[in-house]
Amino acid sequence: MRKKLAIHGGKPVTKIKFPASHHFGDDDIAAITKVLKKANSHGSKPIEILQRGTERHKFERNFSNLHDSKYGILVNSGTSAINSIYGAINPDPGTEVICTPWTSIGSVSGAIFHGMVPVFADIDETLCIDPIDVESKITNKTRAIVAVHMFGNPCDMNKLIQIAEKYNLFLIEDCTQAHFSKYQNKLVGSIGDIAAWGLSEHQHFTGAGNCGILVTNNTKLYERAFGYSDQALNRADGPFKNYPYVHNFLAQNYNANELAASILNVQFSKAIKNIEKKINHAKNILKQISEIPELIPQKVRNGDKHTYWNMSLILKKNVFNCDANKFAESIVAEGIPFSGPYLGTGKYPLGPINKHPIFTNLDAFGKSKYPFDYKRTRAVDYKLSKCSNGEDLMSRTINFSPLSTLTEENVENTIEAIKKVANFYKK
Ligand SMILES: Cc1ncc(COP(=O)(O)O)c(C=O)c1O
């Protein structure tokens with residue numbers, strides 16, 4: 001029997017409000033208070049307390065150690081961390097970076113600021129970048145590949161490493177959606193040349209608001225990234241400490257602050273536990289809806305660990321009387337916070353970033369088409385970029401964030417709503 005959907009005036013599955021994604025406790029508050037008290041009592045050098053202090057160093061050390069990396073740099077967002085990676089690579093203008101277009105602009109904005117041209121490659125059923133398409137897009141201008149571990153699902157790193165080695169490219173890992181995910185038992189972020197994570201409020205793990213971190217084992221990349229993230233100045237705790245106090249190259253100020261770092265230190269072990277809860281919620285939901293084979297979960301490679309920042313379901317073709325947006329809206333009406341295809345929902349379903357105005361209008365530096373036409377006979381036309389497999393798969397996805405803060409009742413309601421909506425729209 002098909003039940004009348006809430007979107008059509010029926011009774012919703014639940015009216016209970018879903019919880020916030022993160023909870024800050026007395027321990028977080030105590031950590032901030034300690035930093036502020038220390039700053040007040042410190043006298044003349046608060047930079048060592050509020051910006052480059054022990055909390056920041058502790059987090060950088062613990063996070064990079066966990067990821068088998070010699071170096072870690074805490075900055076103020078995931079975008080800043082990735083921009084610092086491009087700063088570390090220091091590419092020549094006109095060179096290219098290959099990335100999936102199903103990501104945040106943060107994966108490639110730093111490349112454009114460095115005069116690089118993003119080239120978009122298709123994805124496969126893992127919803128991560130497809131190594132075969134990556135290799136087909138390599139030119140003599142290519143300098144780097146970005147592996148975005150999509151929704152928490154690891155990219156095929158062995159294949160990407162082989163390609164990067166074959167063509168002498170930097171392999172950058174964007175782990176912003178994939179804290180503590182594992183590719184074949186290795187934590188993502190410990191595999192490529194250099195890796196970045198966002199630590200913002202909507203991500204798996206946060207320092208209360210914006211933050212980001214990068215890690216690497218490559219000393220040259222570390223030194224330049226350190227400088228790039230902090231005005232290329234010498235700092236007592238940095239690689240240029242014996243240099244004169246001068247700006248050594250063009251750089252940013254992406255410094256994080258000690259308050260955020262102090263919360264990150266408190267949240268670190270909680271984040272690992274919370275992400276396990278998310279995985280359990282996602283697996284529970286996926287198990288309970290496995291009786292609906294028309295909803296296909298994002299493919300996870302055998303031996304990989306998906307951490308489910310987002311749980312994505314692909315609607316089988318020609319089975320439902322509605323598209324993914326309508327399906328997701330119907331679940332929302334049942335009281336469950338689902339969304340339609342990534343990126344862009346509701347009135348703005350633009351989808352992959354190659355369709356966003358920055359690329360369709362080549363709108364980066366004034367009236368010029370720089371860098372998209374730099375040393376080229378004509379500017380790159382992103383309207384021609386073809387990622388047809390991804391277009392097809394992603395346009396059929398519905399998405400849900402299985403937050404660690406969900407109660408058993410929230411999870412049960414989610415399962416019930418998915419089943420109710422699927423049953424209603426099934427042809
Ligand atoms: C894959 C990916 N990369 C980069 C970013 C940018 O991170 P931030 O918002 O911390 O700057 C995001 C943001 O969600 C992201 O999802």
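These questions and answers look at a helix pair and a sheet in a predicted model.

Residues are numbered from 1 along each chain as its sequence is written. Because the model is predicted, local features need pLDDT of at least 70 and side-chain atom pairs count only at pLDDT 80 or more, while totals for chains, interfaces and linings use all residues.

Me: How are helix α1 and helix α9 oriented, roughly parallel or roughly antiparallel?
Reply: The axes of α1 (residues 26-42) and α9 (residues 258-288) come within 9 Å and cross at roughly 150 degrees, where axes are lines fitted to C-alpha atoms, for helices over the stretch in contact, and angles run from 0 to 180 degrees between N-to-C directions. Angles over 145 degrees count as roughly antiparallel. The crossing therefore makes α1, relative to α9, roughly antiparallel.

Me: Which strands are the edge strands of the open sheet?
Reply: Seven strands, in the order β1-β9-β8-β5-β4-β2-β3, form this open sheet with mixed pairing; strands are DSSP runs of E with at least two residues, as helices are runs of H or I with at least four, numbered from the N terminus. Two strands pair if DSSP finds at least two bridges between them. An edge strand pairs on one side only, and here the edge strands are β1 (71-75) and β3 (117-120).

Note on methods
Side-chain values use heavy atoms; hydrogens and water are left out. Angles under 35 degrees count as roughly parallel, over 145 as roughly antiparallel, 65 to 115 as roughly perpendicular and the rest as oblique.
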